[in-house]
Amino acid sequence: MKPVVAVVGSLNMDFVVRVERLPAPGETVIGRDFQMIPGGKGANQACAAGKLGAGGVLTRMAGRVGYDLFADHLKASLAAAGVDVSAVHATRSQPTGVALIWVEESGQNAIVVASGANQALHAFEVEALRPVFRGAAVALFQLETPLATVAAALRLAREEGARTVLDPAPAQPLARDLLEQVDLLTPNESEACLLLGLSPRRLTLEQAPEVAEALLAMGPRAVVLKLGDLGCYFSDGERRLAAPGFPVEARDATAAGDTFNGALAVAMAEEMPLEGALAFANAAAAISVTRLGAQASIPSRAEVDAFLAAQARDGSRASA
(Lines give C-alpha, C1' and ligand atoms only; values in the text may rest on other atoms or scores of the structure.)
Protein backbone atom coordinates (compact mmCIF):
# COMPACT_ATOMS: atom_id res chain seq x y z
CA MET A 1 0.00 0.00 0.00
CA LYS A 2 1.10 3.58 -0.67
CA PRO A 3 2.07 5.66 2.36
CA VAL A 4 -0.47 8.39 3.14
CA VAL A 5 -0.01 12.08 3.96
CA ALA A 6 -3.11 13.69 5.51
CA VAL A 7 -3.53 17.47 5.46
CA VAL A 8 -6.08 19.42 7.49
CA GLY A 9 -6.23 23.13 6.86
CA SER A 10 -7.21 26.12 4.80
CA LEU A 11 -8.17 26.61 1.18
CA ASN A 12 -8.05 30.15 -0.24
CA MET A 13 -8.19 31.78 -3.63
CA ASP A 14 -5.15 34.06 -3.85
CA PHE A 15 -5.33 37.42 -5.62
CA VAL A 16 -1.69 38.23 -6.40
CA VAL A 17 -0.30 41.57 -7.61
CA ARG A 18 3.38 42.31 -8.28
CA VAL A 19 4.60 45.70 -7.02
CA GLU A 20 7.93 47.51 -7.18
CA ARG A 21 7.77 47.83 -3.39
CA LEU A 22 5.24 47.10 -0.68
CA PRO A 23 3.02 50.08 0.23
CA ALA A 24 3.46 51.97 3.50
CA PRO A 25 0.34 52.50 5.67
CA GLY A 26 -2.05 54.82 3.84
CA GLU A 27 -0.03 54.69 0.60
CA THR A 28 -1.21 53.60 -2.83
CA VAL A 29 1.24 51.98 -5.23
CA ILE A 30 0.73 50.87 -8.81
CA GLY A 31 0.85 47.12 -9.32
CA ARG A 32 1.02 44.85 -12.34
CA ASP A 33 0.73 41.21 -13.40
CA PHE A 34 -2.46 40.41 -11.48
CA GLN A 35 -3.17 36.71 -11.13
CA MET A 36 -5.87 34.66 -9.40
CA ILE A 37 -4.13 31.54 -8.09
CA PRO A 38 -5.35 28.65 -5.88
CA GLY A 39 -3.79 28.89 -2.40
CA GLY A 40 -4.35 28.62 1.34
CA LYS A 41 -1.65 27.14 3.56
CA GLY A 42 -3.40 23.81 3.96
CA ALA A 43 -4.19 23.44 0.26
CA ASN A 44 -0.68 24.57 -0.70
CA GLN A 45 0.88 21.90 1.50
CA ALA A 46 -1.51 19.26 0.18
CA CYS A 47 -0.73 20.31 -3.40
CA ALA A 48 3.00 20.11 -2.68
CA ALA A 49 2.64 16.65 -1.15
CA GLY A 50 0.50 15.53 -4.08
CA LYS A 51 2.95 16.78 -6.71
CA LEU A 52 6.08 15.64 -4.90
CA GLY A 53 4.66 12.25 -3.95
CA ALA A 54 4.71 11.49 -7.69
CA GLY A 55 2.15 8.71 -7.39
CA GLY A 56 4.13 6.92 -4.68
CA VAL A 57 2.46 8.74 -1.78
CA LEU A 58 -1.30 9.27 -1.43
CA THR A 59 -2.31 12.72 -0.16
CA ARG A 60 -5.69 13.43 1.45
CA MET A 61 -7.00 16.95 2.14
CA ALA A 62 -9.68 17.97 4.66
CA GLY A 63 -11.09 21.48 4.82
CA ARG A 64 -14.01 23.79 4.06
CA VAL A 65 -15.00 25.93 1.08
CA GLY A 66 -18.10 27.95 0.23
CA TYR A 67 -20.73 27.37 -2.43
CA ASP A 68 -19.07 29.48 -5.14
CA LEU A 69 -16.85 29.36 -8.21
CA PHE A 70 -13.68 29.72 -6.15
CA ALA A 71 -14.47 26.42 -4.43
CA ASP A 72 -14.61 24.57 -7.73
CA HIS A 73 -11.27 26.01 -8.84
CA LEU A 74 -9.57 25.11 -5.56
CA LYS A 75 -10.76 21.52 -5.54
CA ALA A 76 -9.89 21.08 -9.21
CA SER A 77 -6.34 22.37 -8.62
CA LEU A 78 -5.80 19.86 -5.81
CA ALA A 79 -7.34 16.99 -7.75
CA ALA A 80 -5.02 17.80 -10.68
CA ALA A 81 -2.07 17.41 -8.28
CA GLY A 82 -3.32 13.96 -7.32
CA VAL A 83 -4.87 14.96 -3.98
CA ASP A 84 -7.95 13.15 -2.62
CA VAL A 85 -10.43 15.99 -1.91
CA SER A 86 -13.35 13.87 -0.75
CA ALA A 87 -13.07 15.44 2.74
CA VAL A 88 -13.17 19.02 1.40
CA HIS A 89 -16.79 20.01 2.03
CA ALA A 90 -18.80 23.14 1.24
CA THR A 91 -20.61 25.24 3.82
CA ARG A 92 -23.39 27.77 3.23
CA SER A 93 -22.40 29.82 6.28
CA GLN A 94 -19.33 31.44 4.68
CA PRO A 95 -17.83 32.11 1.23
CA THR A 96 -14.60 30.44 0.20
CA GLY A 97 -11.56 32.04 1.85
CA VAL A 98 -9.49 34.54 -0.09
CA ALA A 99 -6.00 36.02 0.30
CA LEU A 100 -4.83 39.38 -1.04
CA ILE A 101 -1.09 39.20 -1.77
CA TRP A 102 1.37 41.91 -2.78
CA VAL A 103 4.74 40.66 -4.05
CA GLU A 104 7.66 43.07 -4.46
CA GLU A 105 10.65 42.79 -6.77
CA SER A 106 12.86 41.18 -4.11
CA GLY A 107 10.37 38.34 -3.67
CA GLN A 108 9.16 39.55 -0.27
CA ASN A 109 5.40 39.73 0.18
CA ALA A 110 2.56 41.08 2.32
CA ILE A 111 -0.62 39.03 2.74
CA VAL A 112 -4.11 39.75 4.06
CA VAL A 113 -6.41 36.74 4.49
CA ALA A 114 -10.21 36.72 4.72
CA SER A 115 -10.69 33.23 6.14
CA GLY A 116 -14.34 32.71 5.21
CA ALA A 117 -15.28 29.04 5.10
CA ASN A 118 -12.00 28.00 6.74
CA GLN A 119 -13.48 29.21 10.03
CA ALA A 120 -16.37 26.79 9.54
CA LEU A 121 -14.12 23.78 10.11
CA HIS A 122 -15.30 23.28 13.67
CA ALA A 123 -13.75 21.26 16.49
CA PHE A 124 -16.97 19.31 17.07
CA GLU A 125 -16.69 17.98 13.49
CA VAL A 126 -13.17 16.61 13.92
CA GLU A 127 -14.23 13.07 14.83
CA ALA A 128 -15.70 12.78 11.34
CA LEU A 129 -12.16 13.22 9.99
CA ARG A 130 -10.95 9.93 11.47
CA PRO A 131 -11.03 8.20 8.04
CA VAL A 132 -8.72 10.93 6.68
CA PHE A 133 -6.08 10.01 9.27
CA ARG A 134 -6.61 6.26 9.18
CA GLY A 135 -3.45 4.64 7.84
CA ALA A 136 -1.67 7.99 7.43
CA ALA A 137 2.09 8.05 8.02
CA VAL A 138 2.17 11.85 8.39
CA ALA A 139 -0.46 14.49 9.19
CA LEU A 140 0.12 18.15 8.33
CA PHE A 141 -1.47 21.11 10.12
CA GLN A 142 -1.28 24.92 10.03
CA LEU A 143 -3.09 27.75 11.86
CA GLU A 144 -5.49 29.21 9.27
CA THR A 145 -8.39 27.20 10.74
CA PRO A 146 -9.76 27.56 14.30
CA LEU A 147 -7.16 26.73 16.95
CA ALA A 148 -9.58 24.44 18.80
CA THR A 149 -10.00 22.46 15.59
CA VAL A 150 -6.25 22.16 15.11
CA ALA A 151 -5.83 20.94 18.70
CA ALA A 152 -8.59 18.33 18.36
CA ALA A 153 -7.33 17.13 14.97
CA LEU A 154 -3.76 16.79 16.28
CA ARG A 155 -4.99 14.49 19.04
CA LEU A 156 -7.07 12.45 16.60
CA ALA A 157 -4.17 12.08 14.16
CA ARG A 158 -1.92 10.78 16.92
CA GLU A 159 -4.64 8.34 18.01
CA GLU A 160 -4.58 6.96 14.46
CA GLY A 161 -0.79 6.58 14.57
CA ALA A 162 0.21 9.45 12.27
CA ARG A 163 3.32 11.55 12.89
CA THR A 164 2.05 15.09 13.35
CA VAL A 165 3.71 18.11 11.70
CA LEU A 166 2.61 21.62 12.66
CA ASP A 167 3.50 24.74 10.67
CA PRO A 168 2.72 27.44 13.30
CA ALA A 169 1.55 30.01 10.75
CA PRO A 170 0.08 32.56 10.81
CA ALA A 171 2.20 33.18 13.92
CA GLN A 172 0.38 33.18 17.25
CA PRO A 173 1.03 32.01 20.82
CA LEU A 174 0.36 28.30 21.38
CA ALA A 175 -0.43 26.42 24.57
CA ARG A 176 1.84 23.67 25.83
CA ASP A 177 -0.93 21.05 25.70
CA LEU A 178 -1.29 21.67 21.96
CA LEU A 179 2.46 21.62 21.30
CA GLU A 180 2.78 18.33 23.19
CA GLN A 181 0.66 16.74 20.43
CA VAL A 182 3.20 17.83 17.79
CA ASP A 183 5.89 15.42 16.60
CA LEU A 184 7.59 18.01 14.39
CA LEU A 185 7.23 21.79 14.69
CA THR A 186 8.33 23.75 11.59
CA PRO A 187 8.42 27.51 12.31
CA ASN A 188 10.18 30.12 10.25
CA GLU A 189 12.23 32.78 12.00
CA SER A 190 9.40 35.18 12.84
CA GLU A 191 7.12 32.36 14.03
CA ALA A 192 9.87 30.93 16.24
CA CYS A 193 10.51 34.35 17.77
CA LEU A 194 6.81 34.92 18.48
CA LEU A 195 6.43 31.52 20.13
CA LEU A 196 9.39 32.35 22.38
CA GLY A 197 8.24 35.89 23.15
CA LEU A 198 11.14 37.46 21.26
CA SER A 199 11.07 40.41 18.89
CA PRO A 200 11.10 39.35 15.20
CA ARG A 201 14.62 38.98 13.81
CA ARG A 202 16.71 37.18 11.23
CA LEU A 203 18.38 34.15 12.77
CA THR A 204 21.86 32.94 11.96
CA LEU A 205 22.89 29.29 11.85
CA GLU A 206 24.89 29.97 15.01
CA GLN A 207 21.73 31.09 16.83
CA ALA A 208 19.57 28.23 15.54
CA PRO A 209 20.60 25.57 18.12
CA GLU A 210 19.66 27.76 21.08
CA VAL A 211 16.32 28.72 19.51
CA ALA A 212 15.52 25.11 18.64
CA GLU A 213 16.27 23.92 22.18
CA ALA A 214 14.02 26.62 23.61
CA LEU A 215 11.20 25.52 21.30
CA LEU A 216 11.70 21.86 22.24
CA ALA A 217 11.23 22.86 25.89
CA MET A 218 7.71 24.04 24.96
CA GLY A 219 6.54 20.51 24.16
CA PRO A 220 7.09 19.32 20.56
CA ARG A 221 9.18 16.20 20.04
CA ALA A 222 11.32 17.76 17.29
CA VAL A 223 11.83 21.10 15.58
CA VAL A 224 12.84 22.18 12.10
CA LEU A 225 13.68 25.89 11.95
CA LYS A 226 13.11 27.26 8.44
CA LEU A 227 15.84 29.86 7.85
CA GLY A 228 15.08 31.12 4.36
CA ASP A 229 18.11 31.17 2.08
CA LEU A 230 20.23 29.73 4.89
CA GLY A 231 18.30 26.46 4.71
CA CYS A 232 17.00 24.84 7.88
CA TYR A 233 18.07 23.43 11.24
CA PHE A 234 16.75 20.23 12.84
CA SER A 235 16.87 19.14 16.47
CA ASP A 236 15.05 16.54 18.54
CA GLY A 237 17.29 17.01 21.56
CA GLU A 238 19.54 14.12 20.50
CA ARG A 239 20.10 14.53 16.76
CA ARG A 240 21.05 17.98 15.46
CA LEU A 241 21.59 18.85 11.82
CA ALA A 242 21.95 22.05 9.79
CA ALA A 243 20.91 21.63 6.15
CA PRO A 244 22.15 24.45 3.90
CA GLY A 245 19.86 26.20 1.46
CA PHE A 246 20.37 26.40 -2.31
CA PRO A 247 21.25 29.76 -3.91
CA VAL A 248 18.55 30.83 -6.39
CA GLU A 249 17.16 34.10 -7.75
CA ALA A 250 13.98 34.68 -5.73
CA ARG A 251 10.85 36.07 -7.42
CA ASP A 252 8.10 35.19 -4.93
CA ALA A 253 8.42 33.54 -1.51
CA THR A 254 4.65 33.13 -1.02
CA ALA A 255 4.59 29.32 -1.03
CA ALA A 256 8.15 28.53 0.02
CA GLY A 257 7.26 27.43 3.55
CA ASP A 258 4.25 25.42 2.40
CA THR A 259 6.29 23.73 -0.32
CA PHE A 260 8.95 22.89 2.27
CA ASN A 261 6.36 21.30 4.57
CA GLY A 262 4.68 19.32 1.83
CA ALA A 263 8.04 18.06 0.61
CA LEU A 264 9.19 17.17 4.10
CA ALA A 265 5.96 15.23 4.73
CA VAL A 266 6.54 13.20 1.56
CA ALA A 267 10.13 12.53 2.59
CA MET A 268 8.96 11.38 6.03
CA ALA A 269 6.25 9.16 4.52
CA GLU A 270 8.88 7.61 2.23
CA GLU A 271 11.19 7.17 5.26
CA MET A 272 14.07 9.08 3.70
CA PRO A 273 17.12 9.50 5.95
CA LEU A 274 17.04 12.80 7.84
CA GLU A 275 19.78 14.54 5.84
CA GLY A 276 18.17 13.56 2.54
CA ALA A 277 14.71 14.59 3.73
CA LEU A 278 15.89 18.08 4.70
CA ALA A 279 17.78 18.50 1.43
CA PHE A 280 14.70 17.39 -0.52
CA ALA A 281 12.52 19.94 1.31
CA ASN A 282 15.09 22.72 0.88
CA ALA A 283 15.36 21.99 -2.85
CA ALA A 284 11.58 22.03 -3.39
CA ALA A 285 11.29 25.34 -1.53
CA ALA A 286 14.22 26.84 -3.48
CA ILE A 287 12.60 26.02 -6.80
CA SER A 288 9.26 27.46 -5.65
CA VAL A 289 10.68 30.92 -4.88
CA THR A 290 11.86 31.29 -8.48
CA ARG A 291 8.23 31.30 -9.65
CA LEU A 292 5.18 33.50 -9.09
CA GLY A 293 2.19 32.35 -7.08
CA ALA A 294 1.36 29.67 -4.55
CA GLN A 295 0.36 26.30 -5.98
CA ALA A 296 1.53 27.38 -9.43
CA SER A 297 5.09 27.67 -8.08
CA ILE A 298 5.30 24.18 -6.55
CA PRO A 299 7.67 21.93 -8.51
CA SER A 300 7.10 18.36 -9.59
CA ARG A 301 9.03 15.42 -8.15
CA ALA A 302 11.00 15.11 -11.38
CA GLU A 303 12.07 18.76 -11.13
CA VAL A 304 13.27 18.37 -7.55
CA ASP A 305 15.13 15.16 -8.32
CA ALA A 306 16.81 16.83 -11.32
CA PHE A 307 17.69 19.91 -9.24
CA LEU A 308 19.31 17.79 -6.53
CA ALA A 309 21.19 15.74 -9.11
CA ALA A 310 22.54 18.93 -10.68
CA GLN A 311 23.59 20.26 -7.28
CA ALA A 312 25.39 16.96 -6.56
CA ARG A 313 27.22 17.13 -9.90
CA ASP A 314 28.24 20.74 -9.29
CA GLY A 315 29.45 19.82 -5.82
CA SER A 316 31.50 16.93 -7.19
CA ARG A 317 33.14 19.18 -9.77
CA ALA A 318 33.86 21.84 -7.17
CA SER A 319 35.61 19.31 -4.90
CA ALA A 320 37.56 17.65 -7.69
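A crossing of two helices is called right-handed if the near helix is turned clockwise from the far one by less than a right angle, and left-handed if it is turned anticlockwise. With that term in hand, the reader can approach the structure shown above, which is a predicted model.

The term applies to helices H8 and H9, whose crossing is right-handed. The axes of H8 and H9 come within 8 Å and cross at roughly 150°. Because angles over 145 degrees count as roughly antiparallel, that crossing makes H8 roughly antiparallel to H9. Glu271 counts as exposed, at 70% relative accessibility.

Helix H8 also packs with helix H1 (residues 41-53), at an angle of about 45° and with their axes 8 Å apart. H1 and H8 are therefore oblique to each other, and H1 passes H8 in a right-handed crossing.

From the helices we may turn to the strands. An open sheet is formed by 4 strands in the order S3-S2-S6-S7, and its pairing is mixed. Strand S3 (31-39) and strand S7 (109-114) stand at the edges of this sheet, each with a single partner strand, so one side of each is left without a neighbour in the sheet. On average, and with direction ignored, neighbouring strands of this sheet are turned by 15° against each other. Within the sheet, strand S2 (residues 12-19) pairs with strand S6 (residues 97-104) in the parallel sense over 8 bridges, and Met13 has Val98 in S6 as its bridge partner. Asp33 is partly exposed, with a relative accessible area of 45%.

A further set of pairings involves strand S4 (residues 58-65), which is mostly covered, since 7 of its 8 residues are buried. Strand S1 (residues 4-8) runs parallel to S4 and is joined to S4 by 5 bridges, with Val4 standing opposite Leu58 in S4. S4 also pairs with strand S5 (residues 83-90), again in the parallel sense, over 6 bridges, and here Arg60 stands opposite Asp84 in S5.

A pair of aromatic rings is described by the distance of the centres and the angle of the planes. The count of such pairs in this model comes to 4. One of them is formed by Phe15 and Phe70, an edge-to-face pair with 5.7 Å from centre to centre and 70° between the planes. Phe15 lies in strand S2 and Phe70 in helix H2 (residues 69-80), so the pair ties together parts that are 55 residues apart in sequence. Phe70 is partly exposed, with a relative accessible area of 25%. Phe15 and Phe70 also belong, together with Phe34, to one aromatic cluster.

In another pair, the rings of Phe246 and Phe307 have their centres 5.2 Å apart and their planes at 85°, so this pair, too, is edge-to-face. Phe246 lies in the loop between strand S13 (240-244) and helix H8 (256-269), while Phe307 lies in helix H10 (residues 301-319), so the pair ties together parts that are 61 residues apart in sequence. Both Phe246 and Phe307 are buried. A contact of another kind involves the ring of Tyr67, over which the charged end of Arg92 sits, 4.0 Å from the ring centre.

Two further places deserve a look before leaving the model. Ala169 and Pro170 are joined by a cis peptide bond, with omega at about 0°, and Pro170 is found in the loop between strand S9 (163-166) and helix H5 (176-179). Leu140, for its part, has its place in strand S8 (residues 136-141) and is buried, with a relative accessible area of 0%. The C-alpha atoms of Leu140 and Val182 are separated by 10.0 Å, and the two residues are 42 residues apart along the chain.

How values were computed:
Residues numbered from 1 in each chain as written. Predicted model: local features only at pLDDT ≥ 70, side-chain atom pairs only at ≥ 80, totals over all residues. Heavy atoms only, no water. Pairing = 2+ DSSP bridges. Helix = DSSP H or I, 4+ residues; strand = E, 2+ residues; numbered from the N terminus. Axes fitted to C-alpha atoms, helices over the stretch in contact; angles between N-to-C directions. Phe/Tyr/Trp six-rings, centres within 6.5 Å; stacked < 30°, edge-to-face > 60°. Buried < 20%, exposed > 50% of the residue type's maximum accessible area, 1.4 Å probe, protein only. Lys NZ or Arg CZ within 6 Å of the ring centre and 35° of its normal. Parallel < 35°, antiparallel > 145°, perpendicular 65-115°, else oblique.
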